[in-house]
Amino acid sequence: VASVRARVTVAYGIATLATIAVFAVILIAERRASTLTRLVEEGRNTASLAGSIIERSSLRGISVDTLTGPRPIFPLSVTSLLDALPGYLVVGDSSQVLFRGRALRRFDELANAPGSFAEARTNAISDRDKIEGAGFDIRSASEIRRVRLSTHEVIVLSALHEPPLAGGVRRVVVGVSTQRVSDVTSELAALTFLVAPVLALLASGIAWTLAGRAFQPVNQMVNDVEAITDGRSLHRRVVLDAEETDEFGRLGRTVNDMIGRLETSFGALRRFTADASHELRTPLTVIRADVERAMNTSVNSHEHAVALEEALQQVSRMTGLVESLLTLARADEGRFEVVREAVPLEPLIREVAETAVILGEEKEISVTIPIMQPATVLGDVERLRQLFLNLATNAVKYTERGGRVEISLEARHEEAIVTVKDDGIGIAAADLPFIFERFWRVDRARTRSEGSGSGLGLAISQWIAHAHEGRIDVVSRLGRGSTFTIVLPAAPRGNSTPNSALTNS
Ligand code: ADP
């Protein structure tokens, strides 16, 4: 569990980092674009401001003196205003520079400074020329050039004046450093690198706590299940909140259901073992007494014979019991092979009815066959005989003197239906659900002392019916009699492939 918790925590941390990274990238891109737009705007403003300064001064009568040379020389009142403007400013006519702003003049100062290095000088001149070259190359007001100087990048734009302003000014070039764009980038990046780990740690901490709390029920469940160490502790259950409907609640309920089923089958197994031992001990006790009696030298030969005969009876009873147990054990294991061959039921039912007549003779029970329709099933003739015989024997056994037993065979809808009906003692509704259980008898003490059935007959009968893909049902009322019905799938017409074995499952 600890590892799942750790994995969730790490995943949370990584997810947070990734989210922040994506967010930062988008934010930086957006901020760069908007800063660039703002810079261009500022450049344009500067250009138009410079234009109006020049225009206004001429209107106020400050003449732009062009007489002193080929180039106009702006009066101080104009240049001082122009020098107050930000950025690299160049005022020119169509081809030559009329005025350089303060920032550009600094390049000239640098180039002419006595102490500067040769490299710095050439850089200063080339930087200045690059800005002016780009500015004079521009053909329309909307055009923008990006110029890489020796130390930084500049965007250059030009305001074109046609007709020219005072002094023949046709072009105002403005260069704006893009330093602010990279500043924005590095600022945001720095902020991201500072904040991201903190947020990721915070998210991981929350994930660690939440995962710990979420997996708490699982830990509890593991402890609960671990406490179930053997068959005796199967009564324990995983502790659950009744209203828990989440996955853990479902898991807990599923585990509890499973433990419940295990408990039931463990209990059944224990009961079965106890019953089987008990059933085997009774005849053994009787046999032991018989043998002791037979060994007694004082008894005569007649008493010898009686004792031995009783012992023999008990031995055959035990043999039957052990055989039944073996049958059921093999059936449980799925090791029992049920032969599949076409079995006509008519002769089988007649044979079983004849046996029932013999069994019921002593109690004057009438055995009849009211309905007999030809039907054939696929199956194991020996097992089927055992099944019908079990039911017929029970019918005779649990019917009082002079009673009636009816055995019928009907063919209906691809099914063969065998009914064994008696008007005997019947079974109470409360007992009905249990009669197919192993060793189950309505009146345990009585039947056992009578030395009759062992309570395995119906369990075996049910197994045989199921092994033939059929079913066995019972309707019974106490004191009125019982009707057992076996429904088996009829053999497909024309099917008579004998001995195709099928493993019972
Ligand atoms: P047993 O060997 O005791 O007959 P079975 O498994 O065949 O065992 O039957 C289980 C119990 O079901 C019987 O002990 C009996 O109480 C009841 N039972 C079975 N068949 C009938 C029947 N035809 N009429 C009344 N009770 C029956």
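Here is a short tour of a predicted model, stop by stop. Residue numbers start from 1 along each chain as its sequence is written, and side-chain values use heavy atoms, without hydrogens or water. Local features need pLDDT of at least 70 and side-chain atom pairs pLDDT 80 or more, while totals for chains, interfaces and linings use all residues.

Select 88-92 and 97-100, strands β1 and β2 (strands are DSSP E runs of at least two residues, helices H or I runs of at least four, numbered from the N terminus). They pair antiparallel over three bridges, where pairing takes at least two DSSP bridges. Four residues make the hairpin link from β1 to β2. Pick Val91, and you'll find Phe99 of β2 opposite.

**Stop two: a helix pair.** Now grab 179-226 (α5) and 247-295 (α6): their axes come within 10 Å and cross at roughly 10° (lines fitted to C-alpha atoms over the stretch in contact, angles 0 to 180 degrees between N-to-C directions). That makes α5 roughly parallel to α6, the label for angles under 35 degrees. Show side chains for the contact (heavy atoms within 4.5 Å): α5 brings residues including Phe215 and Met221, and α6 brings Phe248, Leu251, Gly252 and Val255.

Which residues are closest to the centre of the second largest pocket? Select Ala268, Leu269, Arg271, Phe272 and Arg438. α6 gives the largest share of this pocket's lining, six residues, and α7 (301-333) also gives two or more.

Conventions. Parallel < 35°, antiparallel > 145°, perpendicular 65-115°, else oblique. 1 Å grid on protein atoms, 1.4 Å probe; cavity = no way out; pocket = protein on both sides within 12 Å on 5 of 7 lines; lining within 4 Å.
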